[in-house]
Amino acid sequence: LYHRRSRPALSARRVTAGTANPKAFVTAMRNFDRNTKIAVAFIVWSMFVSVSFVVSNVDHFVLKLAEYGILP
Amino acid sequence: LIAVLKFCVPVLMFFAAYGPGTVLVSRLGLRDQLSPPEHVAMALLSGSFVLAMGVWAVGTVRYDVISMTGLVVIAAGLSLWQIKSRVSLGEIIRGCPRISLTPSWVFAAACLVLVVIAVVGSYAPPSDHDTLRYHLTLSKRDLAWGRITTIFGWSVYEYLPPLGTMLNRLAYALGGAESSQILNVLWQLFGALMTALLARRLGVNTGFAWAACLLVLGQRVSINLSSVASIDFMLMAYAAGATLAAFVFARSANVPTALLFGLVGGALANVKHHGLLYLACIALVLLPVALRRADFRRAYLMVGAVVVLALLPWTVRNLMETGNPVFPALHPLFGPENVNIFSSFFAVNPPLRDVESLLRLPWDMFVNQQRFDGLQFGVPFFLILAPFGFLLLDRRLGLAIGSIIVLYVIGWVLAMPPLLRFFIPLFPILSAVSARGAQDVFGAASQSNRPVRIILFTVVLSLVSMQSMFLGATAKRRLPAALGYVSTVAYLESRPFKWQNHVRACSWMMERLQPGERYLALFNDPNYYCHPAKAFPQLLPGDSAVLYTRSPRPPVPATWLAGRLRSCHVKYVIKSINLGADAEILTFAKHRYDALLTPILENIEPLYSSPASHVYDARVVGAALRRIAVPAKPPEIFKRARMQICDDPSSN
């Protein structure tokens, strides 16, 4: 389990890269005003971090759900 | 009514701390530098330090309900007098973060929900690992012996800095385990409110100051560790106070601000070793200014002098009794034979060894939290929000705060077992910076277009929902036990707590032990539910010479142990089923008789069995011991036939 845990971080990166096209994102950002840039940057960053977090910890969550009897 | 009284004990302790604290802080004349709520907060921090030292002084002579009540009544009387003469309640309320129909209302309501769940959860039977091992066990032992004492070798945790442990002892003496647990919740709340004050200093408005408060209370470790007896949130509150005092000191370094910073910093170092590290980080950040400016240098040295003075009682006691002023930390530095007491703990949880893992640390500690042992943060709010706070903060202030964080993390990597829980002292500044980030992001979003606002709201809602699941999981486990819907035994024998409390076997045994009778425990750690003062000693007179060194303890001869079981009126032997499955082998006097008794117990039928432990008749065990051949040359200490080991060890 310990060694398997190092894999999801890479998977998370792939997942995030798949959902956002960096080139299109940069072009779009140039046309935004400062406030929108901050808001969009936050949305992208928070989604990237939270998706990575979920993917990295999925085995832990499954174990916890099993402990509570929600999953077999 | 009893439940209400148990809640009143920690509230009374805070009230009692206010009096001595105000006497100290108001004399510094810092009305212009501190807002009224900051003034009250500093008084509570200073007063709690004084109160803890009072508990230590009085408790060393006499530790019982009467002496502790007397102490609290005197301090509370001083508080009443101070309130009558000094405080304007309206002034304090005006200075507090206000609640209005903006995000602050939502944040404050969420804080209230967390605190109510934590307070109610505190009425559940103690179940946390460290609570059962030493926070409550040491208080229970000292209360039985009638005085606060230390016995070299009994537990290394007796030698931790005294502030938190003494306040826990005060709460335990007056209100038992529940009051100790509620005290922890109140310190958590106080630390969170201190964080809100810190956030205000970083330019955060009142609404998002409540968000800073919520960020502290909503961390997974805060949720999990709220309804337990602990000193971690006292540490957090003092870390917030020391940071605030450092801000005041850095703005105008003079005698009063130096005394305040020294006092709160000294108190911080008296809570836990981590406090010493955090204080050193602040001192290092201020050092370049002290080297550049002579006036600042004088005040800086004064801060150091006050901190040293505040540390004297703890360090001198430790030096005299253990030869190491900061025992149990850094023990190999204080003797060529000394071992690292936590070495086996490091072996189980290896620290970061290579450059790659060090570079990945900021990401791993928030995203790959499973790589580290111990309690975790849950949704990485700090990683999501703090970068925006740092980007939009004043550059010099951001650099100073960032430096404190980086220095502390370096200290964590080099000197501590890699537990994420040990980052708790950083929570106030991380939360304050994150709240600043949240304020700027939401300020920008409110000026932005509608789709962006909707997406941002959805993202935040999903993050909060995810973290709420951790709260729900803790509440689902703890609240039914607190409200009596689940029995104590069923709660404590559920999976996360099963191996650390032995509640069923301990209760069975305690009900049957007559006054003067004892039990011998083969446990991985001492246990709150098996009365520590009735335990047969695991610490023998010859042991202290070789404790925490490379030299082994002399093996116990079977006939000697058989004789002592009889003369010490040992009625039962209790053995944990998972005996030996512990990482911290040296932290308590334990495993002294494991090698001798384990093979014998395999051939004896237990009197009582529970899912975690077996109880045996000590007479049968003694008879089996007598059948073992006597060694030709027993170690010297065991030749003294009349050696007494069953007296109250506190009288030694």
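How many of the 20 residues of H10(B) are buried? The count is 18 of the 20, so H10(B) is largely enclosed by the rest of the structure. Buried means under 20% relative accessible area, exposed means over 50%, and partly exposed lies in between (1.4 Å probe, protein chains only).

This is a predicted model: local features need pLDDT of at least 70, side-chain atom pairs count only at pLDDT 80 or more, and totals for chains, interfaces and linings use all residues. Residues are numbered from 1 along each chain as its sequence is written, chains are lettered from A and ligands numbered from 1 in the order in which they are written, and side-chain values use heavy atoms, with hydrogens and water left out.

**Chain A**

- Chain A has three helices and zero strands. Helices (H or I, at least four residues) and strands (E, at least two) are DSSP runs, numbered from the N terminus.
- Along the sequence, the pattern of chain A is α-α-α.
- Chain A has 72 residues, and 32% of them count as buried.

- H10(B) reaches 29 Å from its first C-alpha to its last. That is close to the 28 Å expected for its 20 residues at 1.5 Å a residue. The expected span is 1.5 Å times one less than the number of residues.
- Helix H18 of chain B covers residues 395-415. Its 21 residues should span 30 Å, and its end C-alpha atoms are 30 Å apart, which agrees.
- Buried residues of H18(B) include Gly398(B), Ile401(B), Gly402(B), Ile404(B) and Ile405(B). Tyr408(B), Val409(B), Gly411(B), Trp412(B) and Val413(B) are also among them.
- An α-helix has 3.6 residues a turn, so residues three or four places apart point the same way.
- The buried residues of H18(B) pack against several helices of chain B, including H10 (232-251), H12 (273-292) and H19 (427-446). H15 (355-359), H16 (361-364) and H17 (381-392) are also among these partners. Contact means heavy atoms within 4.5 Å.

**Helix pairs in chain B**

- Two packed helices are described by the angle between their axes and the distance between the axes. Axes are lines fitted to C-alpha atoms, for helices over the stretch in contact, and angles run from 0 to 180 degrees between N-to-C directions.
- The axes of H6(B) (residues 129-145) and H7(B) (residues 162-201) come within 10 Å and cross at roughly 130°. That makes H6(B) oblique to H7(B). Angles under 35 degrees count as roughly parallel, over 145 as roughly antiparallel, 65 to 115 as roughly perpendicular, and the rest as oblique.
- In this contact, residues of H6(B) including Thr131(B), His135(B), Lys140(B) and Asp142(B) meet residues of H7(B) including Asn168(B), Arg169(B), Tyr172(B) and Gln181(B). The residues of the H6(B) contact with H7(B) divide into six nonpolar, six polar and three charged. Ala, Val, Leu, Ile, Met, Phe, Trp, Tyr, Cys and Pro count as nonpolar, Asp, Glu, Lys and Arg as charged, and the others, Gly among them, as polar.
- The axes of H11(B) (residues 255-269) and H12(B) come within 7 Å and cross at roughly 145°.
- Phe261(B), Gly265(B), Leu268(B) and Ala269(B) in H11(B) meet residues of H12(B), among them Gly275(B), Tyr278(B) and Ile282(B).

**Backbone exceptions in chain B**

- Most residues other than glycine have a negative phi, and most peptide bonds are trans.
- The Phe327(B) to Pro328(B) peptide bond is cis, with omega near 5°. Pro328(B) sits in the loop between H13 (294-322) and H14 (343-348) of chain B.
- His502(B) is not a glycine, yet has a positive phi of about 50°. It is in the loop between H22 (498-501) and H23 (503-512) of chain B. His502(B) is buried, at 5% relative accessible area.
- Tyr548(B), also not a glycine, has a positive phi of about 60°. Its loop runs between strand E1 (518-522) and helix H24 (558-567) of chain B. Tyr548(B) is buried, at 3% relative accessible area.

- Val621(B) is in helix H26 (residues 618-626). It is buried, with a relative accessible area of 0%. Leaving aside neighbours within four places in sequence, its contacts include Leu565(B), Val573(B), Leu597(B) and Tyr616(B).
- Tyr18(B) lies in helix H1 (residues 2-26) and counts as buried at 9% relative accessibility.
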